[in-house]
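The sequence and structure come first.

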Amino acid sequence: MLSKSKWIGCFLFCTCVLTTSSAEVPNGFHLATKTLTDYLTIGVRPPDLDYALGQFPLPNVLVTKKSVLDSSQKCHLCTLLTDVLIMNRRLGFSDVQLASEASYLCNAMKMANERVCDGMIKNNVDIFTYIIDNNEDMSGSRICRLILRENECDSTDNYEWTIEVPAGKTVDKDKTKTNTASTTTFNILHISDIHYDPRYTAGKLNRCGEPTCCQDDNPDGTDDSTRCGYWSDYIGADLPFHTMQETLKQTTTHEFDYVYYTGDFVSHRVWSTSVENNTRDITAVTEQFRNYYNVPVYPVLGNHEPHPVNLWSSEGVEDGSLSTQWVFELVAEQWGGWLNEDAKQTILKGGYYTISPTKGFRVIVLNSNKESSSLQLTRWLINRNKDPYGQLTWLGSVLLQAEKAEEKVHVLMHIPSGDIECFDTWGREYRRIIRRFANTITGQFAGHTHRDELVVYYDDEEPSKAISMTWNGACVMSDHANPSYKVFQVDADTFDVVDYEEWTFNLTLANLDPTKDIEWYKLYSFKEAYGVESLQPGDVDKLLTRMTKDHSLIQKYYVYKFRNSDIALAEGCDETCEKNLLCDMVTTMYGDTEHCDILKQLYDENKQ
Ligand SMILES: *[C@@H]1O[C@H](CO)[C@@H](O)[C@H](O)[C@H]1NC(C)=O
Ligand SMILES: *[C@@H]1O[C@H](CO)[C@@H](O)[C@H](O)[C@H]1NC(C)=O
Ligand SMILES: [Zn+2]
Ligand SMILES: [Zn+2]
């Protein structure tokens with residue numbers, strides 16, 4: 001599902017051509033690309049540029065989901081636009097002139113409204129020029145390869161690197177303990193993606209054409225369907241303070257020993273972020289965690305925490321105004337009460353940490369945002385071919401120590417490894433580690449997609465063998481879905497996930513009468529809903545095979561994915577959607593369709 005998170009990958013504007021494919025060349029495309037090519041040839045704006053770009057508007061690609069372009073068309077357009085900017089910089093444009101040219105292009109092609117175009121450009125221009133100025137051979141195709149994730153964009157540079165994974169091979173799990181019913185368990189609360197919006201204002205227009213709406217400076221809504229609700233809204237809305245409080249309060253009606261928060265504190269007002277405001281919002285959410293929870297909280301950094309959004313600075317960036325070290329310093333201090341000195345040190349290095357909350361159990365928190373495409377532009381383009389921040393090498397060594405100490409490990413991250421925004425090289429190397437340590441890792445927990453999802457990892461030597469699980473979701477904000485949280489039941493000896501419950505409420509109903517108490521309800525518990533024996537990878541893998549026959553199970557998955565939201569129910573899930581859901585459940589590295597193809601084939605065979 002393309003979420004808002006896709007377009008926030010926008011670096012300047014060239015990223016904003018979204019992913020739905022279409023084979024036909026759209027009207028006006030040739031003229032626009034030809035005229036941009038002329039621009040590159042003659043070095044100044046061709047006289048018919050206005051007209052040509054006007055013939056091929058990309059109407060509000062920052063907000064809408066559908067793209068009229070296929071992947072090679074996207075690469076082509078993105079490359080031309082980026083090359084035009086690079087050329088102008090080389091010809092001597094100042095930062096201001098370059099921003100103005102980018103603004104012209106963004107607005108001429110109607111990629112967003114003016115304040116979003118200009119805000120995004122203002123936030124990103126320094127970094128863009130930094131990259132160009134520090135790379136003599138920088139090209140549009142290299143940048144677009146990173147941003148769009150399409151291999152067609154650059155065949156010469158695959159951003160290849162590899163890490164050393166500790167030798168050895170995963171031992172099979174001890175399956176002697178089958179009677180889970182009699183074991184002791186404890187609970188872990190999972191919440192994610194709060195996207196707190198201090199400017200949230202009920203009654204404003206929810207479809208405002210900007211990445212987030214329902215804010216104090218938006219126009220008023222005109223009727224019930226366009227007025228932002230009191231508790232939030234399915235479309236164009238982040239989370240008001242009182243909905244965050246209500247949710248956290250509700251979670252405390254459960255018992256749990258730890259809280260996992262898998263990232264994204266800050267709202268989607270990405271065109272006007274600032275260090276001050278992001279600091280204020282991260283602080284406000286963290287403070288609420290401290291208010292409501294008297295157990296340790298293990299927070300993860302999301303891609304929305306830095307300013308500008310997504311752009312974590314490279315190790316080598318010395319320019320203070322471009323550095324995102326401030327985020328690390330902020331959270332090392334703010335989260336310090338739940339962590340120890342060692343954890344603070346690795347946070348300061350790269351936003352990741354590990355801690356052992358109790359004997360035999362270890363939590364590892366990754367900063368997976370660094371690896372995702374656009375946000376890592378500076379690092380990828382300047383300091384390539386290496387494991388960013390040494391994080392994966394560190395992960396391998398922590399897991400090796402854990403294995404030796406016979407600890408079991410939960411791995412937490414924001415962007416899951418198979419996501420389009422997780423760079424494939426990173427996803428591949430991460431997966432090598434997961435495969436090596438599948439016996440030590442008893443669960444992965446992620447956020448970012450705003451959806452309730454599961455992902456199965458398979459072995460490399462024995463590809464049909466499922467070896468590890470990521471549990472995604474517990475998203476609090478209401479992006480096309482109802483607000484939710486999850487309570488995981490964990491075996492106190494093996495630290496395996498035994499089951500989980502997902503809780504939610506009907507946002508439409510709650511908004512009808514805000515004076516009434518919200519009616520939270522348990523949407524499902526996994527074992528019961530899917531009739532599985534356990535949440536072990538092998539049993540979930542069998543479930544996926546059953547899904548290829550019994551499509552009512554996929555329909556159930558779809559409903560849960562959006563937490564029973566009216567908007568998702570109205571949209572429904574057709575055959576293509578069902579197959580995509582199956583694929584997403586087995587995609588652990590972007591672009592690797594091996595297991596997806598197997599499931600799709602089973603699906604088709606069963607239909608006949
Ligand atoms: C930061 O937040 C304040 C208060 O909402 C707002 O007035 C200001 O414009 C924000 N800063 C930026 C850069 O958007
Ligand atoms: C949510 O509440 C609204 C308003 O009462 C109702 O129309 C809708 O059917 C409910 N949705 C679900 C999934 O029960
Ligand atoms: Zn998010
Ligand atoms: Zn995110």
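## Ligand 1 and its shell

In this predicted model, an oxygen atom of ligand 1 comes to 2.4 Å from an N or O atom in the side chain of N277. Two further polar contacts can be described alongside it: an oxygen atom of ligand 1 is 3.1 Å from an N or O atom in the side chain of R280, and an oxygen atom of the ligand lies 2.9 Å from a polar atom of the backbone of S272. On its own, ligand 1 has 360 Å² of accessible area, of which the protein covers 50%.

The residues that surround ligand 1 are R199, S272, T273, S274, N277 and R280.

## Helix α8

Helix α8 spans residues 241-251, and its buried residues are T243, M244, E246, T247, L248, Q250 and T251.

## T82 in helix α4

Helix α4 covers residues 71-90 and includes T82. Is T82 buried or exposed? With a relative accessible area of 1%, T82 falls under the 20% cut-off and is therefore buried. A polar atom of the T82 side chain lies 2.7 Å from the backbone oxygen of C78.

Methods. Residues numbered from 1 in each chain as written. Chains lettered and ligands numbered in written order. Predicted model: local features only at pLDDT ≥ 70, side-chain atom pairs only at ≥ 80, totals over all residues. Heavy atoms only, no water. Near = heavy atom within 4 Å. Polar contact = N/O pair within 3.5 Å; in protein donor to acceptor, adjacent residues only side chain to side chain. Areas by Shrake-Rupley, 256 points an atom, 1.4 Å probe, with all protein chains shown as cover. Buried < 20%, exposed > 50% of the residue type's maximum accessible area, 1.4 Å probe, protein only. Helix = DSSP H or I, 4+ residues; strand = E, 2+ residues; numbered from the N terminus.
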